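Here's a quick tour of one protein model, pocket first, then a ring pair and a helix. Have your viewer open and follow along.

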Amino acid sequence: MLVRLLYASRAVDSSPGAIEAILAQSRQYNPTCGITGILCYGGGIFLQAIEGGRMAVSDLYGHIQRDSRHKDVALLHYEEILERRFGGWTMGQVNLLKLNHSILLKYSEKPELDPYAVSGKVSLALLEELMATAAIIGRA
């Protein structure tokens with residue numbers, strides 16, 4: 001049973017080193033659990049989609065909720081899926097500070113990442129557009 005979970009959180013430490021540590025840990029842990037996904041960050045906010053087996057995704061989300069590097073963790077969207085959309089990345093990444101602001105403005109009132117102010121489906125549509133425009137980087 002494959003599922004996709006989308007959540008937002010605020011970074012306790014938004015330094016480049018802290019972000020890279022989170023990505024490195026994801027890339028090390030996720031392949032062994034069959035988890036794929038994408039992480040967007042900007043302005044101290046994380047927007048992350050994770051896909052995989054129901055129990056693996058549930059366990060990872062529980063870990064994220066307890067992770068001291070995150071605060072204000074909010075579940076935005078959860079669904080059973082037929083196939084992965086972000087299967088090409090153990091944890092792809094998007095640095096929203098390097099994006100054209102018109103992409104963010106397309107999905108929100110202001111050209112900034114604020115998944116707390118939009119629906120989960122809107123945030124998922126943003127991630128899909130970032131994937132379609134090749135804004136996602138990262139190692140598989």
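## The largest pocket

On a 1 Å grid over the protein atoms alone, a pocket is an open set of points with protein on both sides within 12 Å along at least five of seven lines, and its lining residues have an atom within 4 Å of a point. Volume here is the space filled by probe spheres set on the points, which are joined across faces, edges and corners.

This is a predicted model: local features need pLDDT of at least 70 and side-chain atom pairs pLDDT 80 or more, while totals for chains, interfaces and linings use all residues. Numbering starts from 1 along each chain as its sequence is written, and side-chain values use heavy atoms, with hydrogens and water left out.

So what's in there? The largest pocket holds about 190 Å³ of space. It has 15 lining residues, and Gln25, Ser26, Leu60, His63 and Ile64 sit closest to its centre. Helix α1 (16-33) gives the largest share of the lining, five residues.

## The aromatic pair

There's one aromatic pair (ring centres within 6.5 Å; under 30 degrees between planes is stacked, over 60 edge-to-face, the rest tilted). Tyr7 and Tyr61 have ring centres 5.9 Å apart and planes at 55 degrees, so the pair counts as tilted. Tyr7 belongs to strand β1 (residues 2-11) and Tyr61 to helix α2 (residues 54-66), so the pair ties together parts 54 residues apart in sequence. Both Tyr7 and Tyr61 are buried (under 20% relative accessible area, 1.4 Å probe, protein chains only).

## Helix α4

Buried residues of α4 include Leu124, Leu127 and Glu129.

Conventions: Buried < 20%, exposed > 50% of the residue type's maximum accessible area, 1.4 Å probe, protein only. Helix = DSSP H or I, 4+ residues; strand = E, 2+ residues; numbered from the N terminus. Phe/Tyr/Trp six-rings, centres within 6.5 Å; stacked < 30°, edge-to-face > 60°. 1 Å grid on protein atoms, 1.4 Å probe; cavity = no way out; pocket = protein on both sides within 12 Å on 5 of 7 lines; lining within 4 Å.
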